[in-house]
Amino acid sequence: ILEARGAARPMPPASTAKAITSLYALAQLGRDHRFVTRVLATGPVTDGQLDGDLILAGGGDPVLNSDDLGDMVATLKARGLREVTGRFLVWGGALAYLARIDRDQPDYLGYNPCLSGMNLNFNRVNFTWAKAGTDFRLGMDARGERFVPEVGVVGVQVADRDQPVFTYDGTGPREMWTVARSALNKEGSRWLPVRRPEVYAGDVFRALAAAQGIRLPAPEVADRLPEGAGVLLSRESAPLPDLLRDMMKFSTNLTAEVIGMSASARQ
């Protein structure tokens with residue numbers, strides 16, 4: 001040791017603990033493990049019409065994004081699906097639900113979102129603003145690199161105050177944020193966490209489907225998967241080592257939590 005400062009001082013492990021999570025996950029899940037997101041149906045598809053329910057079933061994929069859902073929708077369209085006579089369900093029961101990663105962190109931090117078996121865009125929604133006269137034009141979207149669907153289940157309003165910068169209310173039919181007017185410059189964007197991951201993913205999937213000519217009803221959260229539902233399509237994540245390398249490089253909290261929970265479920 002050539003130099004040290006506070007070498008004997010106990011410190012919280014923080015993100016260095018992700019190295020332990022990686023080793024544990026490789027041991028429990030294996031290097032070939034992939035997270036699978038499925039689209040299921042409770043009835044047949046005839047002449048473009050699904051006579052039954054359509055289910056978006058999460059498998060815990062921590063890096064699922066809007067582009068992935070857009071590609072899944074494109075596959076359904078290519079296979080002839082145009083409408084659904086039953087319900088559109090979203091299931092996230094592959095993992096336990098947590099409203100936030102750390103209760104001691106502020107609600108508005110993008111790296112402190114909820115967790116479930118249905119995770120999309122790291123469970124964040126993109127809040128945009130642009131000056132429009134004396135007011136602001138606000139938007140919420142779930143942008144990827146190729147798809148930018150608007151989000152209707154999360155809203156935001158400008159409040160005439162200085163502090164706090166953000167407030168959150170999850171008691172109504174939509175998740176609602178307010179933002180302090182003094183905190184907004186001419187234009188910009190930032191990612192905010194969502195707390196209803198199944199509703200959010202279903203809303204994005206529905207918007208992507210509508211853009212490609214597939215009519216779906218409003219999403220409903222499924223407590224369990226319907227018995228006898230058939231698989232219309234599946235999407236696999238990259239293999240576990242690739243997910244872990246990105247997790248370590250970017251220190252993504254959601255990836256660490258979801259992979260750790262999935263590994264623990266294997267015991």
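**A buried aspartate and the sheets of the predicted model**

Asp67 is buried (under 20% relative accessible area, with exposed meaning over 50% and partly exposed in between, for a 1.4 Å probe and protein chains only), yet Asp67 has no salt bridge, and Arg146, the nearest side chain of opposite charge, is 4.2 Å away. A salt bridge is here a side-chain nitrogen of Lys or Arg within 4 Å of a carboxyl oxygen of Asp or Glu; Lys and Arg count as positive and Asp and Glu as negative, while His and the chain ends are not counted. The model is predicted: local features need pLDDT of at least 70 and side-chain atom pairs count only at pLDDT 80 or more, whereas totals for chains, interfaces and linings use all residues. Residues are numbered from 1 along each chain as its sequence is written, and side-chain values use heavy atoms, with hydrogens and water left out.

Asp67 belongs to helix α2 (residues 66-78). Helices (H or I, at least four residues) and strands (E, at least two) are DSSP runs numbered from the N terminus. A polar atom of the Asp67 side chain lies 3.0 Å from the backbone nitrogen of Phe147. A polar contact is a pair of N or O atoms within 3.5 Å; within protein, one must be able to donate a hydrogen and the other to accept it, and residues adjacent in sequence count only if both atoms are side-chain atoms. Neighbours within four places in sequence aside, Asp67 is in contact (heavy atoms within 4.5 Å) with Gly144, Glu145, Arg146 and Phe147.

Asn65 is placed in the loop between β4 and α2 and counts as partly exposed, at 26% relative accessibility. Its side chain reaches the backbone nitrogen of Asp68 at 2.9 Å. Not counting residues up to four places away in sequence, Asn65 touches Leu120 and Asn121. The C-alpha atoms of Asn65 and Asn119 are separated by 8.4 Å, although these residues are 54 residues apart along the chain.

Five strands form an open sheet of mixed pairing in the order β13-β6-β4-β1-β14; two strands pair if DSSP finds at least two bridges between them. At the edges stand β13 (219-222) and β14 (230-236), each with a single partner strand, so one side of each has no neighbour in the sheet. From one strand to the next the twist averages 25°. Strand β1 (residues 36-41) runs antiparallel to β14 and is joined to β14 by six bridges, with Ala41 opposite Gly230 in β14. Helix α2 packs on this sheet, touching β1, β4 (54-57) and β14, and its direction makes about 145° with that of β14. Axes are lines fitted to C-alpha atoms, for helices over the stretch in contact, and angles run from 0 to 180 degrees between N-to-C directions.

A further open sheet has three strands in the order β8-β7-β12, with antiparallel pairing. Its edge strands, β8 (135-141) and β12 (187-193), each pair on one side only. Seven bridges join β7 (residues 124-132) to β8, and Lys131 has Phe136 in β8 as its bridge partner. Elsewhere, a hairpin joins β10 to β11 through five residues; Tyr168 stands opposite Trp177 in β11.

Some backbone features remain. A cis peptide bond, with omega about -5°, joins Gln163 and Pro164. Asn123, in the loop between β6 (88-91) and β7, has a positive phi of about 55° although it is not a glycine, and is buried at 0% relative accessibility. Ala14 also has a positive phi, near 50°, but is exposed, with a relative accessible area of 61%.
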